[in-house]
Structure formats: C-alpha cells, structure tokens
Amino acid sequence: PAAELAVSCNLRQSQALNLALEELYALKDAVLALETYDCLAVRLDMVAANLGEITGVSTSAEVLNDIFGRFCIGK
C-alpha cells in the first residue's frame, strides 16, 4: 500500500533530499558526458554528504571507497 511508502521529513531533510536528487541527475549527465572519475567522485561525494545530513552519519569517504574499491580505475 502507498501508506507504507510514505515518509515523513522536516524541511531540512526535504531540502537535503532535493539537493541529493539534483546531484544525482548531474552525476548521470556527467557519466553520459564521459567526465573524469575524479569529477564523478566529487558529485558522488555531494550526494553522500546530503544524504548524511538526513541520517546524521557522515559516510561520504566510506561510500566512495566502497564504490571505487569495486572497480579497477586505470590512470
């Protein structure tokens, strides 16, 4: 049911979610534009920071290390 999917958040959380979503769209565009991995990492870091504001946990470095640790990125 839709009621189970409802999420209650305050204004700060709503703004952080919107910023994270905007960054995700920008990240998608950057991936399609074949931007460098460090540019993509900056966008991903911003997404993680915005989501961390909601959860109260700052895990942006952990998220990046986990994601990029799974891929072989040549220089």
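**Entry 1: Terms and overall layout**

I began with a term: a helix here is a DSSP run of H or I with at least four residues, and helices are numbered from the N terminus. With that in hand, I located leucine 19 in helix H2, which covers residues 11-32. I note at the outset that the model is predicted.

I then looked up the whole chain. The protein holds 4 helices and 0 strands, and its pattern along the sequence is α-α-α-α. Of the 75 residues, 20% are buried. I recorded an accessible surface of about 5800 Å², with 61% of it belonging to carbon and sulfur atoms. I also looked at contacts between residues at least 6 apart in sequence, and 51% of them join residues at least 24 apart.

**Entry 2: Confidence**

The average pLDDT of the protein is 79, and 71% of the residues score at least 70. Which element has the lowest mean pLDDT, and which the highest? Helix H1 (residues 2-5) has the lowest, at 57, while H2 has the highest, at 92. Where pLDDT is low, the predicted coordinates should not be read in detail.

**Entry 3: Helix H3**

I tested the length of helix H3, residues 37-55. At 1.5 Å a residue, its 19 residues should span 27 Å, and I found the end C-alpha atoms 26 Å apart, which agrees.

Next I listed the buried residues of H3: Leu40, Ala41, Leu44, Val47, Ala48, Asn50 and Gly52. An α-helix has 3.6 residues a turn, so residues three or four places apart point the same way. I kept this rule beside the list while reading the numbers.

Just after H3, I noted that glycine 56 takes a positive phi of about 85°.

**Entry 4: Asparagine 50**

I looked for its surroundings. A polar atom of the asparagine 50 side chain lies 2.9 Å from the backbone oxygen of methionine 46. Leaving aside residues up to four places away in sequence, asparagine 50 touches Ala16, Leu19, Ala20 and Glu23.

I returned to leucine 19, one of the residues touched by asparagine 50. Its relative accessible area is 42%, so leucine 19 is partly exposed. Leucine 19 and valine 47 are 28 residues apart in sequence, yet their C-alpha atoms are 7.6 Å apart in space.

I then turned to asparagine 18, which also lies in helix H2. Asparagine 18 is partly exposed, with a relative accessible area of 42%. From asparagine 18 to asparagine 50 I counted 32 residues along the sequence and read 8.8 Å between C-alpha atoms.

**Entry 5: The salt bridge**

How many salt bridges does the count give? The count comes to 1 salt bridge. Glutamate 23 forms a salt bridge with arginine 43, and the closest N and O atoms are 3.1 Å apart. This pair links distant parts of the chain, as glutamate 23 is in helix H2 and arginine 43 is in helix H3, 20 residues apart.

I compared the two partners with the 20% cut-off. Glutamate 23 has a relative accessible area of 17%; this is under 20%, and so glutamate 23 is buried. Arginine 43, at 31%, is partly exposed.

I also looked up tyrosine 25 in helix H2. At 51% relative accessibility, tyrosine 25 counts as exposed, because the term applies over 50%. The C-alpha atoms of tyrosine 25 and arginine 43 are separated by 9.7 Å, and the two residues are 18 apart along the chain.

**Entry 6: The loop and the last helix**

I examined leucine 34 in the loop between H2 and H3. Its phi is near 60°, a positive value in a residue other than glycine. Most residues other than glycine have a negative phi. Leucine 34 is exposed, with a relative accessible area of 75%.

Finally, I found phenylalanine 68 in helix H4, residues 60-69. Phenylalanine 68 counts as partly exposed at 23% relative accessibility.

Conventions
Residues numbered from 1 in each chain as written. Predicted model: local features only at pLDDT ≥ 70, side-chain atom pairs only at ≥ 80, totals over all residues. Heavy atoms only, no water. Helix = DSSP H or I, 4+ residues; strand = E, 2+ residues; numbered from the N terminus. Buried < 20%, exposed > 50% of the residue type's maximum accessible area, 1.4 Å probe, protein only. Contact = heavy atoms within 4.5 Å. Areas by Shrake-Rupley, 256 points an atom, 1.4 Å probe, with all protein chains shown as cover. Expected span 1.5 Å × (residues − 1). pLDDT = per-residue confidence, 0-100. Salt bridge = Lys/Arg side-chain N within 4 Å of Asp/Glu carboxyl O. Polar contact = N/O pair within 3.5 Å; in protein donor to acceptor, adjacent residues only side chain to side chain.
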